[in-house]
Amino acid sequence: MATPTNIIEELVNREYRYGFVTPVEEEVFPPGLNEDIIRRISAKKNEPEWLLEWRLRAYRYWAKLVEEGAEPRWANVTYPPIDYQAICYYAAPKRRPKSLDEVDPEIRRTYERLGIPLEEQERLAGVAVDAVFDSVSVATTFRQKLAELGIIFCSFSEAVQEYPELVRKWLGSVVPYTDNFFAALNSAVFSDGSFVYVPKGVRCPMELSTYFRINASQTGQFERTLIIADEGAYVSYLEGCTAPMRDENQLHAAVVELIALDNATIKYSTVQNWYPGDREGRGGIYNFVTKRGKCLGRNSKISWTQVEVGSAITWKYPSCILIGDNSVGEFYSVAVTNHYQQADTGTKMIHIGKNTRSTIISKGISAGHGQNTYRGMVKIMRGATGARNYSQCDSLLLGDKCGAHTFPYIEVHEPTAQLEHEATTSKISEEQLFYCRQRGLSAEDAISMIVNGFCKEVLRELPMEFAVEAQKLLGISLEGSVG
Amino acid sequence: MNRRPLLEIRNLRVRINGQEILKGITLAVYPGEVHSIMGPNGSGKSTLAQVLAGREVYEIVEGEVLYDGEDLLPMSPEERARRGIFLAFQYPVEIPGVSNLYFLKAAVNTVRKQRGLPELDAMEFLALAREKAKLVELDESLLQRAVNDGFSGGEKKRNEIFQMTLLEPRLAILDETDSGLDIDALRVVAQGINALRHPDRAIVLITHYQRLLNYVTPDVVHVLYDGRIVKSGGKELALELEEKGYGWIAEEIIGSARS
Ligand SMILES: Nc1ncnc2c1ncn2[C@@H]1O[C@H](COP(=O)(O)OP(=O)(O)OP(=O)(O)O)[C@@H](O)[C@H]1O
Ligand SMILES: [Mg+2]
């Protein structure tokens with residue numbers, strides 16, 4: 001009988017399509033974490049002394065947290081303790097290309113299979129890609145074209161070599177290593193990531209994107225992304241992620257820092273499809289990520305859009321610190337949990353400047369035994385006169401074994417602030433499915449239509465090229481579940 | 001008549017939650033015919049309609065249903081719909097977030113595909129939808145709104161008829177589509193039904209009132225009583241029921257059971 005529950009189950013049981021492993025020779029550090037490993041990572045990258053020192057300070061801070069047993073446990077997720085000494089902190093393909101043409105054919109094929117061509121042409125002609133494979137960036141396209149406009153788009157490692165002052169000025173300025181347990185760990189061991197600088201008054205003419213791929217086993221991925229939009233600049237950036245299917249869990253602990261100066265806009269979109277584990281909940285990525293943007297300048301704007309369908313556990317709160325007067329923060333999120341996936345995600349909007357505005361639209365979809373938590377904070381500081389926030393958190397349940405939870409935190413120290421909060425929970429009912437099927441739609445199409453309808457306010461925020469992908473992905477991730 | 005019935009139900013018995021609701025229904029509907037099914041509340045009219053449309057919450061205890069000569073019961077609801085069975089729901093279901101237009105375009109295209117017709121693109125479909133909306137006097141703003149979401153009772157019924165005219169079914173089952181309608185709406189619904197009438201199609205009207213039958217003349221009227229068809233007749237039967245209620249039928253049944 002096609003009840004929502006067992007349709008969800010069928011959907012859920014579809015296979016993860018990106019679960020293959022690339023046969024490429026990689027240099028992998030032995031498992032374990034200590035100062036020596038950090039020195040080796042830093043040396044591998046030929047880093048300046050100040051950066052090594054920064055890493056070591058972060059490591060010592062993190063080690064102290066470990067000693068104090070201060071690994072965060074407040075999120076609404078459960079997992080066995082992580083053995084940080086069993087993880088490898090660096091893995092990189094042995095052959096390193098000097099230019100795009102030299103990219104290892106196996107790696108090139110990998111990205112092709114993932115739908116990310118590393119050629120500067122054709123299908124994604126309007127998108128520049130930085131491809132991060134395990135711990136390193138293996139290719140960045142359209143660098144030349146962007147450079148003509150003064151836009152820097154390169155791997156983090158290269159930025160450290162070529163633009164050390166910029167990196168030094170902004171690294172850790174939004175997410176200091178003392179921010180939280182996983183940010184500290186990332187600061188100690190991060191190996192690569194993307195770096196973007198858009199100069200004054202420049203509107204970046206193409207989407208910039210980073211595609212993260214975990215390939216090596218028993219390896220964590222710790223990347224760092226830093227985006228700076230100078231006065232009046234505009235940039236739209238997108239990241240995608242996938243990983244092979246493995247029975248053990250793998251840790252991905254990234255940090256993303258955004259800085260928007262006067263009148264600058266940064267639009268940051270994520271389509272996260274890390275391996276979610278199998279239907280029994282074996283394996284999958286632990287996605288423990290710190291993302292934060294600072295609207296430093298007046299009239300600046302940072303907009304986060306995320307479609308989170310993968311990972312065994314997702315723990316992330318892309319946030320905005322609204323410092324500049326009239327600055328705007330936005331958070332649009334779709335999070336799907338299926339099988340035994342768990343997500344605890346949301347945002348923080350910290351209003352400091354006058355007339356700052358923020359919008360939060362969160363859509364949680366739970367199927368199978370999935371657990372989906374929205375956790376969001378809106379904080380209005382004294383002096384943020386005229387600040388406004390609108391929050392909307394909707395949950396959609398498919399089946400009766402899953403759960404949805406909402407934890408909004410509101411802190412207001414400014415009497416002129418205006419806040420609005422709305423929340424709904426709904427279910428796809430057997431009646432709805434029957435009605436759709438009576439009109440000739442298959443149950444899966446019906447589910448996918450209802451889910452996409454549920455998420456449309458978020459999906460329409462995605463860049464055109466990716467909105468269609470995201471819609472398909474939603475369909476796939478709920479295939480065999482209720483749509 | 002030597003033609004094959006479009007719908008043939010033989011001794012259909014249906015249970016839900018262990019309780020028998022349909023207790024042996026036998027009925028044949030031929031192409032071109034309009035049948036009306038009347039009966040008191042709870043007699044099983046909607047159950048019959050939903051079983052014919054493929055609702056899976058019911059348990060078929062016994063019996064057989066042939067649609068155009070083929071065994072209907074193993075078919076999924078969507079397959080039945082694609083083959084031309086349409087049910088206008090007594091309580092149309094709300095689907096928030098999905099626009100009526102988008103929903104119906106998908107529905108019309110699955111049916112067209114089944115019939116070997118090319119799919120309609122957004123512009124073509126919009127033109128068709130506007131034309132049909134005019135026919136049933138459906139407010140165009142309802143096209144853009146989510147399916148039945150916040151529609152008034154009458155708007156929902158009108159939307160069902162609108163969908164029917166778009167999908168052009170071979171067998172339309174209308175479950176109390178005339179209930180809760182004002183006089184104008186009733187006339188419009190009747191227009192929609194009459195426009196669908198065709199020698200190849202058949203219509204089953206479930207209704208409590210003979211007023212719809214003033215506009216749509218049925219070939220046969222059946223009385224469903226406690227899960228059985230206890231009486232069939234011409235359109236006069238509807239008038240008689242309206243006049244006398246169902247009590248006399250109950251007495252007839254009891255009488256015949258005694259004799
Ligand atoms: N899930 C259920 N569990 C138990 N009984 C049910 C269930 N669904 C329907 N019934 C019963 O089946 C009987 C027939 O219901 P049905 O909806 O078919 O009646 P109807 O003839 O359409 O009535 P009305 O004229 O009021 O629309 C009713 O007594 C109803 O209570
Ligand atoms: Mg009924």
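Visitor: Why does A:Cys436 count as buried?

Guide: A residue is called buried when its relative accessible area is under 20%, exposed when that area is over 50%, and partly exposed in between, using a 1.4 Å probe and protein chains only. A:Cys436 has 1% relative accessibility, and therefore counts as buried. The model is predicted, so local features need pLDDT of at least 70 and side-chain atom pairs count only at pLDDT 80 or more, whereas totals for chains, interfaces and linings use all residues, and side-chain values use heavy atoms, with hydrogens and water left out. Residues are numbered from 1 along each chain as its sequence is written, while chains are lettered from A and ligands numbered from 1 in the order in which they are written.

Visitor: Which residues are the protein donors of the magnesium ion (ligand 2), and how do you know?

Guide: Donors are N, O and S atoms within 2.8 Å of the metal (3.2 Å for Na, K and Ca), and because water is not among the atoms, sites may look incomplete. The protein donors here are OG of B:Ser46 and OE1 of B:Gln90, which lie 1.9 to 2.1 Å from the ion. B:Ser46 lies in helix H1 (residues 45-53) of chain B and B:Gln90 in the loop between strand E6 (85-88) and strand E7 (95-99) of that chain, so the pair ties together parts that are 44 residues apart in sequence. Helices (H or I, at least four residues) and strands (E, at least two) are DSSP runs numbered from the N terminus.

Visitor: Why do B:Ser46 and B:Gln90 fall into the accessibility classes that they do?

Guide: B:Ser46 has 23% relative accessibility and therefore counts as partly exposed, whereas B:Gln90, at 16%, counts as buried.

Visitor: Why is H1(B) described as largely enclosed by the rest of the structure?

Guide: H1(B) is largely enclosed because eight of its nine residues are buried. Those buried residues are B:Lys45, B:Thr47, B:Leu48, B:Ala49, B:Gln50, B:Val51, B:Leu52 and B:Ala53. B:Gly54, which follows H1(B), has a positive phi near 100 degrees.

Visitor: Which residues come nearest to ligand 1?

Guide: A residue is near a molecule if one of its heavy atoms lies within 4 Å of it, and the rule for a strand is worded likewise. Of the 15 residues around ligand 1, B:Gly42, B:Lys45, B:Ser46, B:Thr47 and B:His208 come nearest. H1(B) gives the most to this shell, with three residues.

Visitor: Where does A:Asn34 lie, and which backbone nitrogen does its side chain reach at 2.8 Å?

Guide: A:Asn34 is found in the loop between strand E1 (26-28) and helix H2 (35-44) of chain A. The side chain of A:Asn34 reaches the backbone nitrogen of A:Ile37 at 2.8 Å and that of A:Asp36 at 3.0 Å. At 33% relative accessibility, A:Asn34 counts as partly exposed.

Visitor: What is noted about phi of B:Asn148?

Guide: Most residues other than glycine have a negative phi. Phi of B:Asn148 is near 60 degrees, a positive value in a residue other than glycine. B:Asn148 sits in the loop between strand E8 (146-147) and helix H6 (153-167) of chain B, and at 0% relative accessibility it counts as buried.

How values were computed: Polar contact = N/O pair within 3.5 Å; in protein donor to acceptor, adjacent residues only side chain to side chain.
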